[in-house]
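Thanks for making the time this morning.

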Amino acid sequence: MKLYPAIDLRGGQAVRLYQGDYDQMTVYNADPAAQAREFIAAGAKYLHVVDLDGAKDDTTANMTTIAAIAKQGGLFIEVGGGIRDEARIEQYLSLGVGRCILGTIAVKDFDFTARMAQKYGPKIAVGVDMRDGLVAVNGWKEVTPEPGICRRCAEAGVQAIIATDISRDGTMQGTNMDLYRELLQISGLEITASGGIARMEELAELQAMGCHAAILGKSIYTGAIDLKQAVA
């Protein structure tokens with residue numbers, strides 16, 4: 001199972017939100033590129049980056065920060081947040097980003113998402129962020145009933161789903177194992193678990209059930225999980 005330490009960007013800083021609430025934000029590092037170097041030093045080979053400003057306001061305010069992280073090398077980087085057209089996909093890939101995550105657009109324009117999945121293959125993932133069984137979009141500000149979105153993605157050729165239970169995100173209360181057991185029943189998808197992972201035992205359980213990857217955020221910033229030990 002691959003481990004993706006997370007850097008969430010807002011105003012050029014590495015931050016964490018509590019349950020996706022922009023008003024409950026903690027700044028963990030004013031230099032995200034330095035944070036990425038710390039992850040490399042701990043043995044990380046992968047990095048999950050979310051442009052919170054892009055997700056919320058459809059801006060590219062953090063593009064230079066993401067470019068600086070990518071330029072350092074040493075990490076396979078996936079980026080999400082505000083990617084809603086092909087031009088931005090191309091822009092990120094040209095910076096050296098390995099994979100772009102489509103979120104809001106997957107709900108708002110599924111046909112576009114299917115075309116991008118066909119064209120870019122493993123360089124596209126779909127981020128499915130859920131709260132109480134509903135899919136959240138536009139920086140988690142809006143929830144919409146979208147039954148079966150993961151199955152639809154698989155049928156359209158999407159290879160990877162990054163699934164987040166927003167109610168667990170940033171809470172350190174443990175992740176939603178039942179959600180991942182359910183999603184792993186869909187054939188043809190690589191499932192990444194995200195949101196609330198707080199203990200090494202959870203990583204072992206996710207690995208045992210066949211999750212492709214797990215994203216670690218607050219747990220590594222607070223020291224609840226030692227990234228070097230987890231990678232090892």
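Predicted model: local features only at pLDDT ≥ 70, side-chain atom pairs only at ≥ 80, totals over all residues.

**Strand E5 and its neighbours**

Strand E5 and strand E6, which covers residues 99-102, pair in the parallel sense over three bridges, where pairing requires that DSSP finds at least two bridges between the strands, and Val-79 stands opposite Cys-100 in E6. From E5 the chain crosses through helix H4, residues 86-95, to E6, in a right-handed β-α-β crossover, meaning that, with the strands pointing away from the viewer, the path from the first strand over the helix to the second runs clockwise. Strands and helices here are DSSP runs, of at least two residues for strands (E) and at least four for helices (H or I), numbered from the N terminus.

Residues are numbered from 1 along each chain as its sequence is written, and side-chain values use heavy atoms, with hydrogens and water left out.

E5 also pairs in the parallel sense with strand E4, residues 46-51, over five bridges, and there Tyr-46 stands opposite Phe-76 in E5. Is E5, residues 76-80, mostly covered or mostly open? Four of its five residues are buried, that is, under 20% relative accessible area with a 1.4 Å probe, protein chains only.

Turning to H4, Glu-86, Ile-89, Glu-90 and Leu-93 meet Phe-112, Met-116, Lys-119 and Tyr-120 in helix H6, with contact meaning heavy atoms within 4.5 Å.

Definitions and conventions
Buried < 20%, exposed > 50% of the residue type's maximum accessible area, 1.4 Å probe, protein only.
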